[in-house]
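Visitor: I'm new to this one. Can you walk me through a few parts of it?

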Amino acid sequence: MIIIKSIPKKGQPVEYHRKTEKMEISGSFLALLLLLLGFQILSSYATSDSIYDKFVRCLSNHSSPSLQASSIVYAQTNSSFTTVLQSYIRNPRFITSSTPKPLIIVTPTDESQVSAAVICSRDIGIQVRIRSGGHDYDGLSYISDVPFFILDMFNLRSIDVNINDETAWVQAGATLGELYYRIWEKSRVHGFPAGICPTVGVGGHLSGGGYGNMLRKYGLSVDHIVDAKIVNVNGTILDRKSMGEDLFWAIRGGGGASFGVILSYKVKLVGVPEIVTVFRVEKTLAENATDILYQWQHITDKIDDDLFMRLLVQPITVKSDKGATKAKKSQKTVRITFIGMFLGDSTRLMSVMNKDFPELGITKGDCKEMNWIESVLFWANFDNRTSVDVLLNRTSPSNFLKRKSDYVQTPMSKNDLEGLWKKLIELGKPGMVFNSYGGRMNEVPASETPFPHRAGNIFKIQYSVNWHEEGAEADKKYLNLIRELYNYMTPFVSNSPRASYLNYRDIDIGINHNGKDSYQEGKVYGDKYFLNNFERLVKVKTAVDPQDFFRYEQSIPPLPYSGEIDRQRASSARSLLDYRNNIWLLIIQLVL
């Protein structure tokens, strides 16, 4: 404790002394606060630079002699640090002055450098965040509340397509758009079942499951992974044979960042017809949207496997005519956009729709025939004049956003749907996306991969809210809106547990503080993401990373069988505490 005293000078009035004493105390505390702030800033840079120097030396020692390690490592003081950091942040919520920043960013250009980076991170004792495309909705691939560095994989993006055996090796830093483009270069009748956003990174997408508009025909992306390369906690590069089937199982839907650093996946390509058909049809409540959606729920998981339908459910404001002499009046309603992908021509699609879903009233004029790569552009919202080369563009516009997910296993009644419309109109901003299930998803056992949400699900919901306003108040406002909608849907979705999709990252369902209760905390979100597969993931984690080096706020925890993890973390905590205490002692000495 600091005790500040002052004694009245001879002849000085007591009242004057009291004012002076207050000023002296106030000034002392101001000086203390300024010094503290200064030391925090200086210590931040000093710590960053110190770790930078250690990391560069370590990286040089474990890499090829030709590598200039400093060329791939960025400290906070580097003029390019902010540019590199923000280049692959897809959610501006995490580009603020208060967002935790990495001490350093490592941008490896070959696989051996990834191995060296893991060794150095482990030896120095700094946590690692692994980023491939930056589409982690809640930013867990590039932010943390503990000191960390980012292992940014964007330079590792080679793609080797072999049409002879219908496979492709794809590095983790490649994007889906780049993968689709490279397949299209070699063949017009091959594709790959993955997401519709071309800037999503392959590493994160595939390790979390991966789905797209060929889901009902071919299942998930992970259902087509035949080999992989990963760097384990010892810095060793493993393929499927050397890693073993348990780890190979875990990194196909269990989230790769809990087990190591995914370098690449070998995927099996799928056949696509020379002609596919897409459509987009909008219906408002005045156009019988409730009855149409009610029927859609009953057929969408049973209709022809070549057809996938995604529904955008959005509150909107429309202008309605109230007579020739009256001005148009604004009216709030709900619009449902039916977007379809059919692996075949429009004639066969019309036959399927007229037989199983005539309620939508689709016509031949609503249908657009094209080749598969053109359908990729359609689903990414490019117009039909856009060159396929746009798939090589790694940048994309971004909004402040939040996403959540659910699974519907029982159709909602018309009364339930009408209640939902009222809620959407009341909230005004959040929307929903319904994605068809069934088909191949009903055929793959839930335990085949860590992704368990297979048979029994009619469709998946994505809750979505975007905004442009900056600041904490705007964040709070829109986060509350989407959470209110999510809570409203509780009676209509899966339960015990309420399931979620890992790639729609959502820290609202639970986070791990990675302490003594790591397993219990991990089980909260783990059961929702992985259902009965969570315990097997924990066993794999315990076998390959028992000290929990690869950990983050929603990672797979190891079994709490040993005190070694707690001892190591306690030692790290003591070191940090000693460092802070030394800073305080120095400040006190300077002030006094």
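**Helix contacts, a disulfide and an arginine**

Guide: Start with two helices: Gly419, Leu420, Lys423, Leu424, Glu426 and Leu427 in H12 meet Leu481, Glu484, Leu485 and Tyr488 in H13. Bear in mind that this is a predicted model.

Visitor: What classes of residue make up the contact of H12 with H13?

Guide: There are 6 nonpolar, 1 polar and 3 charged residues in the contact of H12 with H13.

Visitor: And at what angle do the axes of H12 and H13 cross?

Guide: Roughly 170°, with the axes of H12 (residues 414-427) and H13 (residues 472-488) coming within 11 Å. H12 is therefore roughly antiparallel to H13.

Visitor: Switching topic. How many disulfides does the count come to?

Guide: The count is 1 disulfide. Cys58 and Cys120 form it, with their sulfur atoms 2.2 Å apart.

Visitor: Where in the chain are Cys58 and Cys120?

Guide: In distant parts: Cys58 is in helix H1 (residues 14-61) and Cys120 in helix H3 (residues 111-124), 62 residues apart.

Visitor: Is Cys58 buried or exposed?

Guide: Cys58 counts as buried, because its relative accessibility is 11%. Cys120 is also buried, at 0%.

Visitor: Now Arg93. Where is Arg93 found?

Guide: Arg93 sits in the loop between helix H2 (81-87) and strand E2 (104-106). Its relative accessibility is 14%, so Arg93 counts as buried.

Visitor: What is Arg93 in contact with?

Guide: Beyond its neighbours within four places in sequence, Arg93 has contacts including Tyr137, Asp138, Leu401, Trp467 and Asp475. A polar atom of the Arg93 side chain lies 3.1 Å from the backbone oxygen of Leu401.

Technical notes:
Residues are numbered from 1 along each chain as its sequence is written. This is a predicted model: local features need pLDDT of at least 70, side-chain atom pairs count only at pLDDT 80 or more; totals for chains, interfaces and linings use all residues. Side-chain values use heavy atoms; hydrogens and water are left out. Helices (H or I, at least four residues) and strands (E, at least two) are DSSP runs, numbered from the N terminus. Buried means under 20% relative accessible area, exposed over 50%, partly exposed in between (1.4 Å probe, protein chains only). A polar contact is a pair of N or O atoms within 3.5 Å; within protein, one must be able to donate a hydrogen and the other to accept it, and residues adjacent in sequence count only if both atoms are side-chain atoms. Contact means heavy atoms within 4.5 Å. Axes are lines fitted to C-alpha atoms, for helices over the stretch in contact, and angles run from 0 to 180 degrees between N-to-C directions. Angles under 35 degrees count as roughly parallel, over 145 as roughly antiparallel, 65 to 115 as roughly perpendicular and the rest as oblique. Ala, Val, Leu, Ile, Met, Phe, Trp, Tyr, Cys and Pro count as nonpolar, Asp, Glu, Lys and Arg as charged, and the others, Gly among them, as polar. A disulfide is a pair of cysteine sulfur atoms within 2.5 Å.
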